[in-house]
Amino acid sequence: MLFFAGYLSMDFVVGTIYYKEKITLISGYLQHALYIFICNVSLWTGYTVTFPTAILGAGFIFLSPRDDNLFTMLLFIFRIVLDPLMAHETLRNTTMTPIGKAMVLIKIPVNIKFFVDWIVWQKKLRRRTQRQRLQGD
């Protein structure tokens, strides 16, 4: 958890210096701040980070077994399908402050935005790889 929070912090710093065009309000500032906050809350409360995030983090450390297709599938299942269902159940079955409700709900559009950006990035990588193969032949 601490590793991921550190990774997010460094990703944000490096991104603001070298990849300014990729750091937007939602996919940069809001997303990184939200997930750093979630990591800190997870450390304080004992809740853990989602499985796709653990797979992505491991993929950055151990590049050879990295599987972007596995991450994409897990991201879709956990963050696009299950997170909204869990948010619905949480809001329906618990008493929360308005800020607590906002924290539960804000993850949904952020996750959708991240998923769409991830798919676009994967398509770019595949096209780039195909062009490199064609140029190499």
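Residues 70-87 are 100% helix and 0% strand, and their end C-alpha atoms lie 24 Å apart. Helices here are DSSP runs of H or I with at least four residues, strands are runs of E with at least two, and both are numbered from the N terminus. UniProt, in an unreviewed entry, lists this span as a "transmembrane region", along with residues 34-63 and 99-121. Such annotations may be inferred rather than shown by experiment; positions follow the numbering used here, and feature names are shortened. Residues 99-121 are also 100% helix and 0% strand, with end C-alpha atoms 32 Å apart.

This is a predicted model: local features need pLDDT of at least 70, side-chain atom pairs count only at pLDDT 80 or more, and totals for chains, interfaces and linings use all residues. Residues are numbered from 1 along each chain as its sequence is written, and side-chain values use heavy atoms, with hydrogens and water left out.

**Overall build**

The protein has 5 helices and 0 strands. From the N terminus, the order is α-α-α-α-α. Of its 137 residues, 25% count as buried. Buried means under 20% relative accessible area, exposed means over 50%, and partly exposed is in between (1.4 Å probe, protein chains only).

**Surface patches**

A nonpolar patch is formed by Leu 70, Met 73, Phe 76, Ile 77, Val 81, Leu 82, Leu 85 and Met 86. Together they have about 660 Å² of accessible area, computed by the Shrake-Rupley method with a 1.4 Å probe, where only the protein chains shown count as cover for residues. Patch members have over 30% relative accessible area and no salt bridge; like charges are joined within 9 Å, and nonpolar side chains (Val, Leu, Ile, Met, Phe, Trp, Tyr) within 5 Å. Met 73 sits in helix α4, residues 68-93. Its relative accessible area is 44%, so Met 73 is partly exposed.

A patch of positive charge gathers Lys 22, Lys 123, Lys 124, Arg 127, Arg 128 and Arg 131. Lys 124 belongs to helix α5, residues 98-136. Lys 124 is partly exposed, at 37% relative accessibility.

**Salt bridges**

The whole structure holds 2 salt bridges (a side-chain nitrogen of Lys or Arg within 4 Å of a carboxyl oxygen of Asp or Glu).

| Pair | N to O distance |
|---|---|
| Glu 89 and Arg 92 | 3.4 Å |
| Asp 117 and Lys 113 | 2.8 Å |

Glu 89 and Arg 92 are 3 residues apart in helix α4, so about one helical turn separates them. Glu 89 is partly exposed at 34%, while Arg 92 is exposed at 56%. Asp 117 and Lys 113 lie 4 residues apart in helix α5, about one turn. Asp 117 is partly exposed at 27%, and Lys 113 is partly exposed at 30%.

Methods. Lys, Arg positive; Asp, Glu negative; His and termini not counted. Charge placed at Lys NZ, Arg CZ, Asp CG, Glu CD.
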